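The points below can be read alongside the display.

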Amino acid sequence: MKSNENEIQEMVRKALAPVNPELEGDLWPRMLRRLDEGHARMSWVDRILLLAVSAGIIAFPAVIPQLLYQL
Amino acid sequence: MNTHPYLRAYLAGIAVPTPAMLCGLTGYLLLRYVFNVPVPIERMAVFPLAVVPNAWGLWNVLYLAWHERWHLPIGAHGALLPVILIPGGYLLARLLSIDFIAQSASWMWVAFPMALVIYYLAWKYLVNWCNHLLGVAA
């Protein structure tokens, strides 16, 4: 009976991955790296679209409340 | 970060409109209480406060769910959202008698393409960045 329990304990120990309760070092540098990785450069088509929308808002300021309400 | 992908997608989705909504609401509050423009702020705030951020979050959940099957770029996926939101917002404006929105429906035809472009850019750059940060999708 005792050997059975030991066997089960050994099997459970093998089946479960060891848990590390300590942090693996400072997480903030990893967070900063991830923030830097995410930057995508804006293509020229997207820049033109942005300029067109800005020009449209300046040309038709009456759409501003509509846009603020809808967006 | 492999657990709860849909919850992370929802959070990444609402992360963009929530601060933008604060700016818009501040603008309306200034108009209403500083410059005394008669804007029905209480009724008007329902759509941008309650509907829009949740719609962004749920739309990003749908992006994650559909991404494997449809391979639609995130910018195009985001640009489809105003197709639902703008008629919905207009309908709610009519139901709640928000006159300055409901009566200026003619401006909708100018605002609609602008909204498509704004959503396309916001989703392609901002939501995509939030997704990357939270480890959502590819």
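1. Start with helix 1 of chain B. Its buried residues are Arg8(B), Ala9(B), Tyr10(B), Ala12(B) and Gly13(B). The cover over these buried residues includes helix 4 and helix 8 of chain B. Keep in mind throughout that this is a predicted model.

2. Confidence comes next. The model has an ipTM of 0.74 and a pTM of 0.77. For chain B the average pLDDT is 85, and 97% of the residues score at least 70. Within chain B, helix 5 (residues 74-79) has the highest confidence, at 91. Helix 7 of chain B has the lowest, with a mean of 73.

3. The fold of chain B is helical. Chain B holds eight helices and zero strands. Read from the N terminus, its elements run α-α-α-α-α-α-α-α. The C-alpha trace of chain B spans about 50 × 30 × 25 Å along its principal axes. Of its 138 residues, 32% count as buried. Take the contacts in chain B between residues at least 6 apart in sequence: 82% of them join residues at least 24 apart.

4. Chain A also has zero strands, with four helices. Its order from the N terminus is α-α-α-α. Chain A has 71 residues, and buried residues make up 8% of them.

5. Look at helix 3 of chain A, residues 44-59. This helix has 16 residues. From first C-alpha to last it reaches 22 Å, close to the 22 Å expected at 1.5 Å a residue. Helix 3 of chain A is hardly covered. How many of its 16 residues are buried? The count is zero.

6. Now the contact between the chains. Chain B contributes 27 residues and chain A contributes 20 residues. On the side of chain B that touches chain A, five elements each supply at least two residues: helix 2 (17-34), helix 4 (46-70), helix 6 (81-95), helix 7 (99-102) and helix 8 (108-133). Which helix of chain B gives the most to this side? Helix 8 does, with 13 residues. By type, the residues on this side of chain B are 21 nonpolar, six polar and no charged.

7. The largest nonpolar core has 33 residues. Those with the most contacts inside this core are Ala12(B), Val16(B), Ala115(B), Ile118(B), Tyr119(B), Ala122(B) and Val127(B). Helix 4 (63-70) of chain A supplies at least two residues, as do helix 1 (5-14), helix 4, helix 6 and helix 8 of chain B. Helix 8 of chain B gives the most to the core, with 11 residues. In soluble globular proteins, nonpolar side chains tend to be buried together.

8. Ala115(B) is then in contact with Leu67(A), Gln70(A) and Leu71(A) in chain A, and with Pro82(B) and Ile86(B) in chain B. Ala115(B) is also one of the residues with the most contacts inside the largest nonpolar core.

9. Two residues deserve a backbone check. Most residues other than glycine have a negative phi. His4(B) has a phi near 50 degrees, a positive value. His4(B) sits in the segment before helix 1 of chain B. Is His4(B) buried or exposed? His4(B) counts as exposed because 10 other C-beta atoms lie within 10 Å, and the limit for exposed is 12 or fewer.

10. His71(B) is the second case. Its phi is positive, about 55 degrees, although His71(B) is not a glycine. His71(B) lies in the loop between helix 4 and helix 5 of chain B. His71(B) has 8 C-beta neighbours inside 10 Å, so it counts as exposed.

11. Last, His67(B). This residue is found in helix 4 of chain B. Why is His67(B) partly exposed? His67(B) has 18 other C-beta atoms within 10 Å, and buried would need 20 or more. The C-alpha atoms of His67(B) and His77(B) are separated by 9.6 Å. Along the chain, His67(B) and His77(B) are 10 residues apart.

Technical notes. Residues numbered from 1 in each chain as written. Chains lettered and ligands numbered in written order. Predicted model: local features only at pLDDT ≥ 70, side-chain atom pairs only at ≥ 80, totals over all residues. Contact = placed C-beta atoms within 7 Å. Nonpolar A, V, L, I, M, F, W, Y, C, P; charged D, E, K, R; others polar. Expected span 1.5 Å × (residues − 1). Core = buried A, V, L, I, M, F, W, Y, C linked by C-beta atoms within 7 Å. pLDDT = per-residue confidence, 0-100. Lists of a residue's contacts leave out its neighbours within four places in sequence.
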